[in-house]
Amino acid sequence: MSWKFAKVLTPIARKQYHCDASEWIANTIGWDEDEYDDADISIIRKAGHEHCKILKGTRYLKVSGIWEGEFTTFRAREDLNAICLKYDLYSE
C-alpha cells in the first residue's frame, strides 16, 4: 500500500510520542541482530532504553494522510526511520 494525500513534516516534539518505526523493526520477520551493523544495533538498543519513544524536544518524522483507506499519522524517530530505510523494512 502507499500513502494518499500525505503531508510529510519533521517537527520538534512538544511531547512524547511512540515511535512507529520501532514497530517495523520489531515485527520484521527474519531480522535479528546479525542482520544489522554495530552502529545500527547501538541505535536500536538506545531507542529500546528510551522505550521507543520520540522524546520531547527531538526532531522526528511525521507523515499524515490516507493509508489503506483511513486517515492516520505515522511518527518516527529520525534514527530508527533511517534504519528502516537503510534495510528497506517499510516495503514489507
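The largest pocket in this predicted model has a volume of about 340 Å³. Twelve residues line the largest pocket, and those nearest its centre are W3, W24, W67, F74 and Y90. Which elements each supply at least two residues of that lining? They are the helix α1, residues 20-27, and the strands β4, 60-67, and β5, 70-77. Sorted by class, the lining has eight nonpolar residues, three polar ones and one charged one.

As for how such a space is found: rolling a probe the size of a water molecule over the atoms shows where empty space is left.

Next, an aspartate. D40 sits in helix α2, which covers residues 38-49. Is D40 buried or exposed? Its relative accessible area is 7%, so D40 counts as buried. What does D40 touch, leaving out residues up to four places away in sequence? The answer is I83, K86 and Y87. With Y87 there is also a polar contact between the two side chains, at 2.7 Å.

Last, the cysteines. On accessibility, C52 is partly exposed, with a relative accessible area of 21%, whereas C84 is buried, at 1%.

Key:
Residues are numbered from 1 along each chain as its sequence is written. This is a predicted model: local features need pLDDT of at least 70, side-chain atom pairs count only at pLDDT 80 or more; totals for chains, interfaces and linings use all residues. Side-chain values use heavy atoms; hydrogens and water are left out. Helices (H or I, at least four residues) and strands (E, at least two) are DSSP runs, numbered from the N terminus. Buried means under 20% relative accessible area, exposed over 50%, partly exposed in between (1.4 Å probe, protein chains only). A polar contact is a pair of N or O atoms within 3.5 Å; within protein, one must be able to donate a hydrogen and the other to accept it, and residues adjacent in sequence count only if both atoms are side-chain atoms. Contact means heavy atoms within 4.5 Å. On a 1 Å grid over the protein atoms alone, a cavity is a set of points where a 1.4 Å probe fits but cannot get out, and a pocket is an open set with protein on both sides within 12 Å along at least five of seven lines; lining residues have an atom within 4 Å of a point. Grid points are joined across faces, edges and corners, and a volume is the space filled by probe spheres set on the points. Ala, Val, Leu, Ile, Met, Phe, Trp, Tyr, Cys and Pro count as nonpolar, Asp, Glu, Lys and Arg as charged, and the others, Gly among them, as polar.
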